[in-house]
Amino acid sequence: MNVIDHVRDMAAAGLHSNVRLLSSLLLTMSNNNPELFSPPQKYQLLVYHADSLFHDKEYRNAVSKYTMALQQKKALSKTSKVRPSTGNSASTPQSQCLPSEIEVKYKMAECYTMLKQDKDAIAILDGIPSRQRTPKINMMLANLYKKAGQERPSVTSYKEVLRQCPLALDAILGLLSLSVKGAEVASMTMNVIQTVPNLDWLSVWIKAYAFVHTGDNSRAISTICCHSFYSKRYSRALYLGAKAIQLNSNSVQALLLKGAALRNMGRVQEAIIHFREAIRLAPCRLDCYEGLIECYLASNSIREAMVMANNVYKTLGANAQTLTLLATVCLEDPVTQEKAKTLLDKALTQRPDYIKAVVKKAELLSREQKYEDGIALLRNALANQSDCVLHRILGDFLVAVNEYQEAMDQYSIALSLDPNDQKSLEGMQKMEKEESPTDATQEEDVDDMEGSGEEGDLEGSDSEAAQWADQEQWFGMQ
């Protein structure tokens, strides 16, 4: 073990004052006798000495020694063969682990920031090739660029941090502070969010924070409200929607979310009031009309729904969305079934990938028992996109043509996309029951026996239902 190894071990042990004294002595000896240490050893000594100065907050002296170390490393890189040490070195320079040049430059940048020489810090980090920049280097560059008012390179550096570390929250906040859209920032985290259970809330809070940062608290609450709604926590969504409207009575998004929550809770007449207000504020937004028409259909007001759908069709023009909306209403009346088919075909001609149109066309084909046509339609729609509802409906169609194994696969895919999709779960459970005829026979035998304990089974079912009801209430109030 040579003297350089001892210096390295002391540095690793955090004995900075000892490193400073010994490295200073060794560097003085090396200046008097250039042959004492090999170039790699000299480079190491300079770095360890600079690190000890950095620890003692002597940043100017540390920069000087780091600069000398980089010059030594540059000369070392040009040397094809390294002269063997004539000192007390026992190991060859090739076997030594030299301090990283990139790390040296990062330390220099830290010194410059401490000395309030941000331009010098940017210059030293900018000189590192982009492929060699570690996340912490990009993070420092992003903050320095931001401080200097250079927004474009700052955004680029923050994005690079997120590319390597998608959950780097400080980088996320940095982007949001530069007015980068919350949705865009959230999309950078989606790949990792989708691989970690129960982490979908993160993108929601990122978007919400973006709106808070811009002073739009109503939209921030609406964003969280939206997440609660799609998580089927309607009571919470209703509360948050009301809060968002309280902050901004003209928030169309909040009105839509509150209206949808009311509708799903069975309070249709209250929901209608909210959707009408949304239409008044945003007469060109189709989702406002969709919400109101769904309320009419839920309350069996087919005539009102038809009048509204026709008005939307005439006002907003014949596009895939309005054609599908009108077809949805037509499907509710046996007299207008053929018209619904024509409208859906037109919608799918315009946009073959429009999921709502595909779903409604599949519903129509199911009624007509044209399962093979439905399977072809769904396979074509799923060729370029993956959607829970489409996979589930395809599973239903495959069951109808006795393709049980593939149907099970489709239900599994649907549940992987949305673990809360009750219909996919029911389809899978129904198939599992049909695959166990022995168990079914045993159940029938038990039912036929006197004193079979049927009443006890019912009590157990009530108990289980009550338990699930408690859990629903709990999750709904979280």
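Tutor: First, a term we need: helices here are DSSP runs of H or I with at least four residues, numbered from the N terminus. Keep in mind that this is a predicted model.

Student: Okay, so where is the place of Cys 284?
Tutor: Cys 284 sits in the loop between α15 (268–281) and α16 (286–298).

Student: What makes Cys 284 exposed or buried?
Tutor: Exposed means over 50% relative accessible area. Cys 284 has 65%, so Cys 284 counts as exposed.

Student: Now α24, residues 422–434. How do you know what its 13 residues should span?
Tutor: Take 1.5 Å a residue, times one less than the number of residues. That gives 18 Å for α24, and its end C-alpha atoms are 18 Å apart, so the two agree.

Student: Which residues of α24 are buried?
Tutor: Ser 424, Gly 427, Met 428 and Met 431. Buried means under 20% relative accessible area.

Student: Why say the buried residues of α24 line one face?
Tutor: Looking down the axis of α24, they fall within an arc of 95°, so they line one face. In general, an α-helix has 3.6 residues a turn, so residues three or four places apart point the same way.

Student: What covers the buried residues of α24, and what does the face turned away carry?
Tutor: The cover includes α22 (388–400) and α23 (404–417). The face turned away carries the exposed Lys 423, Lys 430 and Lys 433.

Methods:
Residues numbered from 1 in each chain as written. Predicted model: local features only at pLDDT ≥ 70, side-chain atom pairs only at ≥ 80, totals over all residues. Heavy atoms only, no water. Helix = DSSP H or I, 4+ residues; strand = E, 2+ residues; numbered from the N terminus. Buried < 20%, exposed > 50% of the residue type's maximum accessible area, 1.4 Å probe, protein only. Arc of directions from axis to C-beta. Contact = heavy atoms within 4.5 Å.
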